[in-house]
Amino acid sequence: MQVTSPHGVSYHYGDKVEKGTFAFTASENGPYSACFCSPLHKPPLTTIVEFDWRSGVEARDWSNVAKKGNIEAMEIELRKLSVTVRNVHAEMYYLRDREEEMQELNLSTNSEMAIMGFLSLVVCVSVAGLQSWHLRNYFERKKLL
């Protein structure tokens, strides 16, 4: 039996194994392949292979962990995870506060931009009116001369 990663790295190789259990920690994302062969059987016979792919928390045998006396280590790990969760929770509240500040800044900036846009429109229309008035007066004076 051979287990291979998506990039061709062999994680497990067993030669002449009739039965057994093994585990590995995947370091790459993607589909892993398992190859089973029994070339030494003459005449060829049907081989039954049963396997159970597990990942994440399911892959750990928690009953054996408790039996081995690693409860204290697990307790320490749980405390570390608890602190991590509290830090993540505090970070989420900080990010929410920052988001509210950014939304307020965005709203005030939008209102200021609307005011500036309106003022620039008033200035442009006023300048266009003044130019029109000036050109009309100029051509009327030219006509009279």
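Student: How many salt bridges does a search of the whole structure find?
Tutor: The search of the whole structure finds 1 salt bridge, a term for a side-chain nitrogen of Lys or Arg within 4 Å of a carboxyl oxygen of Asp or Glu. This is a predicted model, in which local features need pLDDT of at least 70, side-chain atom pairs count only at pLDDT 80 or more, and totals for chains, interfaces and linings use all residues. Residues are numbered from 1 along each chain as its sequence is written, and side-chain values use heavy atoms, with hydrogens and water left out.

Student: Which side chains meet in that salt bridge?
Tutor: They are those of Glu101 and Arg98, at 3.4 Å from N to O. The two residues are 3 apart in helix H2, so about one helical turn separates them.

Student: What elements does the chain have?
Tutor: The chain has 2 helices and 3 strands, and from the N terminus on they run β-β-β-α-α. Helices (H or I, at least four residues) and strands (E, at least two) are DSSP runs, numbered from the N terminus.

Student: Where is confidence lowest, and where is it highest?
Tutor: Confidence is lowest in helix H1 (residues 62–67), with a mean of 60, and highest in helix H2 (residues 71–144), at 92. The average pLDDT of the chain is 81, and 81% of the residues score at least 70. The pLDDT is the predictor's confidence in each residue, from 0 to 100.

Student: Why does a low value matter?
Tutor: Where pLDDT is low, the predicted coordinates should not be read in detail.

Student: Back to the strands: how do E1 and E2 pair?
Tutor: E1 and strand E2 (residues 10–13) pair in the antiparallel sense over 3 bridges; strands count as paired if DSSP finds at least two bridges between them. Val3 has His12 as its bridge partner in E2. The hairpin has 5 residues between the strands, and Gly8 takes a positive phi near 90 degrees there.

Student: What about Ser5, where does it lie?
Tutor: Ser5 lies in the loop between E1 and E2. Ser5 is buried, with a relative accessible area of 5%. Leaving aside residues up to four places away in sequence, Ser5 touches Tyr11, Glu28, Pro31 and Tyr32, where contact means heavy atoms within 4.5 Å.

Student: And Thr4, buried or exposed?
Tutor: Thr4, found in strand E1 (residues 2–4), is buried at a relative accessible area of 15%. With residues up to four places away in sequence not counted, Thr4 touches Val9, Ser10, Tyr32 and Ser33.

Student: How much of the chain counts as buried?
Tutor: Of its 145 residues, 5% count as buried. The chain exposes about 13500 Å², of which carbon and sulfur atoms supply 60%; these areas come from the Shrake-Rupley method with a 1.4 Å probe, and for residues only the protein chains shown count as cover.

Student: Which residues form the nonpolar patch on the surface?
Tutor: They are Ile115, Met116, Phe118, Leu119, Leu121, Val122 and Val125, with about 700 Å² of accessible area together. Patches are made of residues with over 30% relative accessible area and no salt bridge, like charges being joined within 9 Å and nonpolar side chains (Val, Leu, Ile, Met, Phe, Trp, Tyr) within 5 Å. Val122 is found in helix H2 and is partly exposed, at 37% relative accessibility.

How values were computed. Buried < 20%, exposed > 50% of the residue type's maximum accessible area, 1.4 Å probe, protein only.
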